[in-house]
Amino acid sequence: MKPAATTPAPGDADARRAIAPVICYPVETLPRPDLGAYRALRDDLQLVETVVVPPREAVTWTIPAGHFCRILCSEGAQVGDLNLFNARDLNERLYTGKTRALNGTHVGLGDQLFSNLPYLRPIATITHDTLDWYGFDEFGGAVHDVIGTRCDPYTNNLLTHGGQYHHCCHSNLTRAFARKTGMLLKEAESYIHDVLNVFMCTGFTRDTGQYFMKASPVRPGDYLEFFAEIDLLGCMSACPGGDCSVKHSADVAVCHPLLVEVYKAARLPEGWVPPPINGYDRTHGL
């Protein structure tokens, strides 16, 4: 956060502050999905798998390319920390930084989730969100952020002067990924990445710029749905913060399970092809 100023403001301070911003990544030329073609399939979906994510734990599941995945609030307000991997190459995974730069701080209907460098391509497309009505509230809060990193035991250790809590989302994701892949914990941990905070309501305070969370507006029956652009491995933690109205990285919050459903469509979206790996030649000027 910005500390109190110690440098006197120059005479043209107001003029400098008044300079209009420039969008870093104009997206007018960004290839966009034909959302109508995706949503046209939603009335004829076959449920092929259901996965329960227990409170304060994480699980993995697969979503074949061309399938839909729904993350549902099933019993009570609960947020989930989601990692996504290319199921055929685990080195390719969700890149929230570039997803944020291209979509905004919080994602919703029609937004695409991008993978890390050097792959940089859309790996999932959001096709439905029952919380899209929420928008941005008076505090600047919104749902489904790609700005938070996931609660982790290292930050908790710093803030509690040595605390050892093992059900932070980072640890939950690490254990689940290790079970799925057979990796040792230390190797598995290196694959865990910044998350899509499903259902979490977050923002930045206007006075200090600090990352905040507040009670999620999610209720039983709400869901976030996405289409798998490539074969995906999902790994999600039901956060120990519950609805994040109190705190996380502790067992004081009321927590609930989350439900994951994978659906097969009767056909593929008209004109759809899996997105290719990014076309940059990787010579880096040499």
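This is a predicted model: local features need pLDDT of at least 70, side-chain atom pairs count only at pLDDT 80 or more; totals for chains, interfaces and linings use all residues.

Me: How much space lies in the second largest pocket?
Reply: About 350 Å³. The lining has 19 residues, and the closest to the pocket centre are C151, D152, T155, H248 and S249.

Me: How does the lining of the second largest pocket divide into nonpolar, polar and charged?
Reply: There are 7 nonpolar, 8 polar and 4 charged residues in that lining.

Me: And what volume does the largest pocket have?
Reply: About 460 Å³. It's lined by 22 residues, and P31, R32, Q112, P122 and P275 are the closest to its centre. The elements that give two or more residues to this lining are α2 (35-39) and β6 (112-114).

Me: OK, changing topic. Where is the place of S171?
Reply: S171 is in helix α5, which covers residues 169-181.

Me: Is S171 buried or exposed?
Reply: Buried: its relative accessible area is 14%, and the cut-off for buried is under 20%.

Me: What is S171 in contact with, leaving aside neighbours within four places in sequence?
Reply: P153 and H166.

Me: Which other residues of α5 are buried?
Reply: Besides S171, the buried ones are C169, H170, N172, L173, T174, A176, F177 and A178.

Me: And what covers the buried residues of α5?
Reply: The cover includes the strands β2 (58-63), β4 (80-86), β5 (89-93) and β12 (232-238). The helices α4 and α6 (185-189) are also part of that cover.

Me: How far does α5 reach from its first C-alpha to its last?
Reply: It reaches 18 Å over 13 residues, close to the 18 Å expected at 1.5 Å a residue.

Me: Next residue on my list is N86. Where is that placed?
Reply: N86 sits in strand β4, and that strand is among the elements covering the buried residues of α5.

Me: Is N86 buried or exposed?
Reply: N86 is buried, with a relative accessible area of 9%.

Me: Which residues does N86 touch, not counting those up to four places away in sequence?
Reply: E92, R121, I230 and D231.

Me: Let's zoom out. How many helices and strands does the chain have?
Reply: It has 6 helices and 13 strands.

Me: Why would you say the radius of gyration agrees with a compact globule?
Reply: Because a compact globule of 286 residues would have a radius of gyration near 19 Å, and the chain has 20 Å. The C-alpha atoms fill a box of roughly 65 × 45 × 45 Å along the principal axes.

Me: What percentage of the chain counts as buried?
Reply: 50% of the 286 residues.

Me: Last one: what share of the contacts with a separation of 6 or more comes from residues 24 or more positions apart?
Reply: Those account for 76% of such contacts in the chain.

Definitions and conventions. Residues are numbered from 1 along each chain as its sequence is written. Side-chain values use heavy atoms; hydrogens and water are left out. On a 1 Å grid over the protein atoms alone, a cavity is a set of points where a 1.4 Å probe fits but cannot get out, and a pocket is an open set with protein on both sides within 12 Å along at least five of seven lines; lining residues have an atom within 4 Å of a point. Grid points are joined across faces, edges and corners, and a volume is the space filled by probe spheres set on the points. Helices (H or I, at least four residues) and strands (E, at least two) are DSSP runs, numbered from the N terminus. Ala, Val, Leu, Ile, Met, Phe, Trp, Tyr, Cys and Pro count as nonpolar, Asp, Glu, Lys and Arg as charged, and the others, Gly among them, as polar. Buried means under 20% relative accessible area, exposed over 50%, partly exposed in between (1.4 Å probe, protein chains only). Contact means heavy atoms within 4.5 Å. The expected span of a helix is 1.5 Å times one less than its number of residues. The radius of gyration is taken over C-alpha atoms; the globule rule is 2.2 Å times the number of residues to the power 0.38.
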